[in-house]
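Please look through the sequence and the model below before reading on. The text then goes through some of the strands and helices.

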Amino acid sequence: MPAFRQVGEKQLPQEVVFMAWSPKRDLIALANRAGEVLLHRLANFQRVWSLPPNENTGKEVTALAWRPDGKILAFGLTDTKRIILCDVEKPESLHSFSVDTSITYMHWMEVTEESSVLTSFYNAEDESNLLLPKLPALPKNYSTTAKIFSEEKSDEIMKLLGDVRLNALVLGGSSGFIEIYAYGMFKIARVTGVAGSCRGICLSSDLKSLSVITEIQVSSDSETEITYFQLDTRLLSSYLPEVTRMARKFTHISTLLQYIKLSLTCMCEAWEEILMQMDSRLTKFVQEKNTTTSVQDEFMQLLLWGKASLELQALLMNQLTVKGLKKLGQSIESSYSSIQKLVISHLQSGSEALLYHLSELKGMALWKQKYESLGLDASGIEEAITAVGSFILKANELLQVIDSSMKNFKAFFRWLYVAMLRMSEDHVLPELNKVMTQKDITFVADFLTEHFNEAPELYNRKGKYFNVERVGQYLKDEDDDLVSPPNTEGNQWFNFLKNSTHLKESPLLFPYYPEKSLHFVKRQMEGVIDQCLQKPADVIGKSVHQAVCMSLYKTSLSEDSTPQLFKLPFLWNDKTSNIHYVLFTILENSISKIYILRRHTDTSRSVSNGILAVEFGNFLNNSINESSDSRCYSCLDAHFYDDETVTVVLKESVEQEGKERVLAQLPLSSVYTDEDQDRELIWDSTKRLDEQSGEISTRTVFLENQWRVLENMKAQYVSVNGIRKVSCVLSSNLRHVRVFEMDVEDDGEVEEEEEEETTQIAAGEPDELNQSADNQDNVCGASAEELPDETEEHESSLDP
């Protein structure tokens, strides 16, 4: 029986450019050349869902990474320069942000360091949950942009934040671009000083060191040089509890800004174009009427004398109509009520929560002993708090305008509706046919005076002479001033502030922008918050310094056009021993050897730093002539399966017709001796490592039983997951995949298991695959969080 058990195989319609196993479930994410991101199960490689490319997110996926808890998948797009965080349950974007350059690699790690301070922070309940009311879910009857906070997904905020334990998404791009995002959401470091385009990146679990592989090309016609950098990130490690607290606050703030943005989007959708109908009709009336009487006077005559000119009658009865007026009145009332509810329950709640978290952050910044070294600036946070206050003031102003407009329109439409019914000689209901009091007449007259004035200068801006509808201007995402700002003349508070030189500049008063829209003030607030939270990223980034720079080898220009995502080198962090491993191959005499470079995460230590070369001897019976060289296998791809094992794809160095490729497990114990563990790497920094290969110790390995011939497949690449004990092999044409369980029971157990599965399927019970990983289920989370069991019928229903 072969060493590994095949559980799935498929020919895919599109070329795969990247694949990554979920760290917690039997799921593998794929990205293809068409720009799709797909999720497949281990069992028969069945598809769970696919996320097609679109204009908003992008069409060219260049990087992929799982959050350590397996609940969120991140991918980067080069055409839009965006990072998308996607829910594992459904193909929906939970969060996205833009970066300055296209991303070529990403790595998502979790901090494993423990301390009493961190433990108490992890176990303590977030005080904001006790002091702040729960954010109301956004109405689900609006567009898909609000899905993350919709009623059916009210727990999405916590899903997005994930576990309290710090995890970090590290992004690498072209031109030495490296950024670190806490919880995958907010930038806490912008690293500089690395040359070339990133090919691999790995942040150690103790946060002491960042390993980076880059390719440096001096000119377009020169060879590419692969270089290894080890960067010292000791500041993150030294201030881990403070970084964790600060990062948690940053992500709360980032989430709340998104909540406010989506609330405003819902408000814009609640406002309808039909509300502009009155302005358009009145403008047309001005352009077509022959009399010199103003529109305001025409309506005043109708109000005071009950008589309308023939032109006004034509406007009201033929264009506006009784039915149209009724519909307009209902639309205004419905739209304004919806906007009012969104402002009160969502916009104000989100703003108050934002104010709370910024105030907490300011308190942290004032504790200079702890947070000054991280770049937390109290004065910058104070400006952000002031900006949020200005936004709350503008939201309150909008509420007053809505309240005033609803009263005005209600009185105006009630009067006009009765007047139009009388014109058409229709029956007027008794409850409407009441004599208007002097107070009612004065109210409508004031409304006409304020709103029905012709404004030629307004025509140049809006193409209309009137601005009867006053709410829509607050929701316009424009830099222009409001068309009809609120009238502050005679306001006692404004006059008091104007005459008080001391209060005018007081930091206790939030600035007020009466001329600006709500959208403008929101953008201003986002800019100030973003600026104040950028400083820690700059300070932490500048503290990172280069410890090692090692030129590994050069790649020829004639290299195939395989996507970079599959090419070695490969980086791995051993969390137990705090060691970075670098796997790469160098072609020597038609044979590709594996080189394993080891660097301790503590850059001040030289112990465990070393390099070894590994070549594979003949372990297939009769596969080659006995007289041939024993070093007969070249390594095509290599990935760390776990801390103690490397999974490799091999081919015979002289490939002939009928010769198959091999999937094998390489135990590090068969490579390293105790002497190697203590040997320090001695190398000439003026030369590349491939130029010093003769001085590097080489081990020839003869594998015994941990290998399998990959029949009828030109295997080239492999993706593995040692936690779930699975691997996925991809062919050189990037379309043919095979999936294996790597730890297999003996013949008897396998047969019994297959019989049980057959019986269960026949009985209509769910087919539980991956029996060998059942002991991991508790680690992976509660069964309620798991995806549905993979019966074929269930799978087809999950397919998009």
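**Strands and helices**

Four bridges join strand 4 (residues 37–41) to strand 5 in the antiparallel sense, and V37 stands opposite L51 in strand 5. Two strands pair if DSSP finds at least two bridges between them; strands (E, at least two residues) and helices (H or I, at least four) are DSSP runs numbered from the N terminus.

This is a predicted model, in which local features need pLDDT of at least 70 and side-chain atom pairs count only at pLDDT 80 or more, while totals for chains, interfaces and linings use all residues. Residues are numbered from 1 along each chain as its sequence is written, and side-chain values use heavy atoms, leaving out hydrogens and water.

Helix 7 (residues 295–305) packs against helix 12 (residues 438–451) at an angle of about 170°, with the axes 10 Å apart. The two helices are therefore roughly antiparallel to each other (an angle over 145 degrees, on a scale from 0 to 180 degrees between N-to-C directions, with axes fitted to C-alpha atoms over the stretch in contact).

Strand 23 (residues 645–652) has seven of its eight residues buried, so it is largely enclosed by the rest of the structure; buried means under 20% relative accessible area with a 1.4 Å probe, protein chains only.

Technical notes:
Parallel < 35°, antiparallel > 145°, perpendicular 65-115°, else oblique. Buried < 20%, exposed > 50% of the residue type's maximum accessible area, 1.4 Å probe, protein only.
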